[in-house]
Amino acid sequence: MSLSVDEHLRMPSCTPGAAPLAGRLPLTLRLRGAAGRLVRSRFSWSVAGTTAARLGQMGCQLLVSVIVSRVLGPGGRGLYATAGVLTALGTSFGNLGLPAANTYEVARQRRQLPELLANSVAVAALMGALLAAALWLLGWWHPELLPDDRALLVLALAAIPIGLGQLLLQHLVVGLHEVRFFNAVTLVSGAVPLAGVTVLWGTGRLTTWAAFAAGVAGTALPTLIMWWRLRARLEGRPRVSLPLLRQSVSYGLRAYLTTLAHALVLRIDILMVRAWLGNESVGQYSAAAALAEWAILVPSVASMLLFPRVAAGANRREQWSLCRRAIPVYLLMMGVATTAAAVLARPAVVVLYGEAFLPAAAVFLWLLPGVFFRGASYPAYLFLGAIGRPISQLVLCFAVVAVNVAGNALLISRWGLNAAAAVSSGSYLLGCAGGYWLARRHARHSFAVREANP
């Protein structure tokens, strides 16, 4: 008796022959079956809700970006973007992998919430202060890397512990499965800066410092709301636990290093563009990068929600089968997104940012191949994350960072912004190819071991 497409794809992956059967189906039938399952599943509605909240946040951020760009021009936007990169890098360096560990620990044992909450606040304060001091010293040695406005620099550094606190508390909320509250907080974090910037614009008081201060408020308020919500859930007083902190850091260290490498690829371009080409070029490049983030939204949200299912797989065969079946869907999503983005690039830049930002349209087109490869690589990295983030993945990620830095150092001064975007796309191509090579290698090694030791 023959099976339908959906019956083939619903076969448990642990049964012999399940993965090969799915693999032999034509690509169009596999996509149709996957689309049917997604429409009927509760998971799809979770992705839709979280995507809607994230879209709302990004829409607010985009409007803030448009207002800042039109009022302050490329130079002012460049200063604004440089300050934002400093805060983002500080948050990436200082989290120690605790976001992933917070989600894991509180989901496994909710009674640890008081210690996890206290540890999160302590780490945010301590690491934020240390990183702010380190970046301040960097400004003395290499002032060309940091904003010229000292008041803006101080505000950007002060935002680092606040950003760390928001990140750590968000993952506690996710670990407690409070998805609706998480989505509401996400919307608040986008609406507050937009409201602040709109009022400043309307009253004629919009400056780079004031715009950035509105963004800091949009981080601080949700952090306080989450603290209040989590504090109400406690059965005891929050207290720092060094043993639990060591355990959390041990669990999250590989996730931290991997995330750090990705953050460097995303952010270091802007600092290098500023060092070679100045604030106005940073404004152009950051505008193109902001548009590129929209194309990656749905795949990133889907991966965030799919990862727990992959990690919960009974064995590597089941985990790899699930990730492999997701590949055609990711390719379809990224193909549609990047094609539409290429067609709309020039009019979108003109409508959103104005004629002064037209060079950003060409930069955006050079970034699009990298956006495609970044989205297409998610299934591979989901699998590698589910099996414990092997050391080889860390080596690959930092090799991509090294290639990105070296390429920018060699090419930005010669060919400008388009070279920086092309190097970024090449780095994501390397990361995508390397990720799938590692995933297949680890999956095949696991199958060989299982066959040798039935």
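Modeller: Let's start with helix H6 (residues 113-141) and helix H7 (residues 150-175), which pack at an angle of about 155° with their axes 9 Å apart. A helix here is a DSSP run of H or I with at least four residues, a strand is a run of E with at least two, and both are numbered from the N terminus. An axis is a line fitted to C-alpha atoms, for helices over the stretch in contact, and the angle runs from 0 to 180 degrees between N-to-C directions. H6 and H7 are therefore roughly antiparallel to each other (under 35 degrees counts as roughly parallel, over 145 as roughly antiparallel, 65 to 115 as roughly perpendicular and the rest as oblique). H6 passes H7 in a right-handed crossing, where right-handed means that the near helix is turned clockwise from the far one by less than a right angle, and left-handed means anticlockwise. The residues of this H6 and H7 contact (heavy atoms within 4.5 Å) divide into 19 nonpolar, four polar and one charged. For those classes, Ala, Val, Leu, Ile, Met, Phe, Trp, Tyr, Cys and Pro are nonpolar, Asp, Glu, Lys and Arg are charged, and the others, Gly among them, are polar.

A quick word on the ground rules. This is a predicted model, with residues numbered from 1 along each chain as its sequence is written. Local features need pLDDT of at least 70 and side-chain atom pairs count only at pLDDT 80 or more, while totals for chains, interfaces and linings use all residues, and side-chain values use heavy atoms, with hydrogens and water left out.

Now zoom out for a second. The protein's secondary structure comes to 17 helices and zero strands. Of its 454 residues, 52% count as buried (under 20% relative accessible area; exposed is over 50% and partly exposed is in between, with a 1.4 Å probe and protein chains only). Take the contacts between residues at least 6 apart in sequence: 84% of them join residues at least 24 apart.

Back to the pairs. Helix H13 (residues 316-353) and helix H15 (residues 378-386) have axes that come within 8 Å and cross at roughly 160°. H13 and H15 are therefore roughly antiparallel, and the crossing is right-handed. On the H13 side you'll find Arg316, Gln319, Trp320, Cys323, Ala326, Ile327 and Tyr330, and they meet Tyr378, Pro379, Leu382, Phe383 and Ala386 in H15. Sorted by class, that contact has 10 nonpolar residues, one polar and one charged.

Next come helix H11 (residues 279-295) and helix H14 (residues 359-376), packed at about 40° with their axes 8 Å apart. H11 and H14 are therefore oblique to each other. Their crossing is right-handed. H11 brings Gln284, Tyr285, Ala287, Ala288, Ala289, Leu291, Ala292, Glu293 and Ala295, and H14 brings Pro359, Ala360, Val363, Phe364, Leu367, Val371 and Arg374. That contact has 13 nonpolar, one polar and two charged residues.

Some of those names turn up again inside the protein. The largest nonpolar core has 67 residues, and Tyr285, Tyr353, Phe364 and Phe383 have the most contacts inside it. A core here is a set of buried Ala, Val, Leu, Ile, Met, Phe, Trp, Tyr and Cys residues joined through side-chain atoms within 4.5 Å. Set aside neighbours within four places in sequence, and Phe364 is in contact with Ala288, Leu291, Ala292, Ala341 and Ala345.

Leu55 is in helix H4 and is partly exposed, with a relative accessible area of 37%. Its C-alpha atom is 9.2 Å from that of Val298, 243 residues away along the chain. Leaving aside neighbours within four places, Leu55 is in contact with Trp294 and Leu297. Arg233 belongs to helix H9 (residues 208-233) and is partly exposed at 34%. Beyond its neighbours within four places, Arg233 is in contact with Arg110, Leu113, Leu176 and Glu178.

Last, look at Leu96, in the loop between helix H4 (42-94) and helix H5 (98-108). Most residues other than glycine have a negative phi. Leu96 has a positive one, of about 60°, although it is not a glycine.
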